[in-house]
Amino acid sequence: MDQDLTRLLHGWRAGDEASRDRLLAQVYDALRGMAAARLGRGRSHTLQPTAVVNEALLRLLGNDTDWEDRAHFFALAALKMRAVLVDHVRARAAEKRGGDVAMLTLSHADREAGGDVEIDVLALHQALERLAERDERAARGLEMAYFGGMEHKEIACVLGVSVPTVERDLRFARAWLNQQLA
């Protein structure tokens, strides 16, 4: 499946709309699952997982990215979903002057700690930006794990580092983030 997705990505990049359509059909459910995990289960949100995925895909479709493989695609999808969530929260905060802050569960990025921790989207975004100033690779890895639901080996492939390096970066990033968001 990874090779098929990579082939479809390259076909899409070459301008083959049929490849794009087949690719989107194959990854849509995975992307929707990633968005649903970020928004939490059984909670009332004005932004639904389908809307997050649709907006992220629109941003991806308009992007002239040189896809390398499946891992790079999901890394960029994670980045786009983060942007959609942050933009949505900023718009809501502007409408309500900060009265309705959206919360996300931070369970995927902090799976080893057990339990879900609710995080304010804007606070998480700002903390990730501060982390990127200190350690960009750790911030990118956490973003891919959290927003993209990517496995450690996929993150390692995208970042060009070993899996143990990704694991160390994620441990550092989680600890740093927990301190910043406490």
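**Salt bridges, core and helix burial in a predicted model**

A total of 8 salt bridges is found, a salt bridge being a side-chain nitrogen of Lys or Arg within 4 Å of a carboxyl oxygen of Asp or Glu. The structure is a predicted model, in which local features need pLDDT of at least 70 and side-chain atom pairs count only at pLDDT 80 or more, while totals for chains, interfaces and linings use all residues. Residues are numbered from 1 along each chain as its sequence is written, and side-chain values use heavy atoms, with hydrogens and water left out.

The protein contains 8 helices and 2 strands, assigned as DSSP runs numbered from the N terminus (helices: H or I, at least four residues; strands: E, at least two). Their order from the N terminus is α-α-α-α-β-β-α-α-α-α. Of the 182 residues, 45% are buried; buried denotes under 20% relative accessible area, exposed over 50%, and partly exposed in between (1.4 Å probe, protein chains only). The accessible surface is about 9,300 Å², and carbon and sulfur atoms hold 47% of this area. Areas were computed by the Shrake-Rupley method with a 1.4 Å probe, and for residues only the protein chains shown count as cover. Among contacts (heavy atoms within 4.5 Å) with a separation of 6 or more, 62% join residues 24 or more positions apart.

Within helix H1, Asp4 and Arg7 lie 3 residues apart, about one turn of the helix. Their side chains form a salt bridge with an N to O distance of 2.3 Å. Both residues are partly exposed, Asp4 at 24% relative accessible area and Arg7 at 47%. An α-helix has 3.6 residues a turn, so residues three or four places apart point the same way.

Asp87 and Arg59 are joined by a salt bridge of 2.9 Å, N to O. This pair connects distant parts of the chain, with Asp87 in helix H4 and Arg59 in helix H3, 28 residues apart. Asp87 is partly exposed at 36%, as is Arg59 at 26%. A salt bridge of 2.6 Å, N to O, joins Glu143 and Arg82. Glu143 is buried, at 8% relative accessibility, and Arg82 is buried at 12%. A network of salt bridges links Glu17, Arg20 and Asp21.

The largest nonpolar core has 52 residues, of which Leu23, Leu31, Val52, Phe73, Phe74, Met150 and Ile155 touch the most other members. Such a core is a set of buried Ala, Val, Leu, Ile, Met, Phe, Trp, Tyr and Cys residues joined through side-chain atoms within 4.5 Å. Elements giving two or more residues to this core include helix H2 (17–39), helix H5 (121–134) and helix H8 (163–181). H4 contributes the largest share, 12 residues.

Helix H7 (residues 152–159) is largely enclosed by the rest of the structure, because 6 of its 8 residues are buried. These are His152, Glu154, Ile155, Ala156, Val158 and Leu159. Gly160, which follows H7, has a positive phi near 70°.

Ala127 is located in helix H5 and counts as buried, at 0% relative accessibility. Apart from neighbours within four places in sequence, Ala127 contacts Trp176, Leu177, Gln180 and Leu181. The C-alpha to C-alpha distance between Ala127 and Trp176 is 9.0 Å, for a sequence separation of 49 residues.
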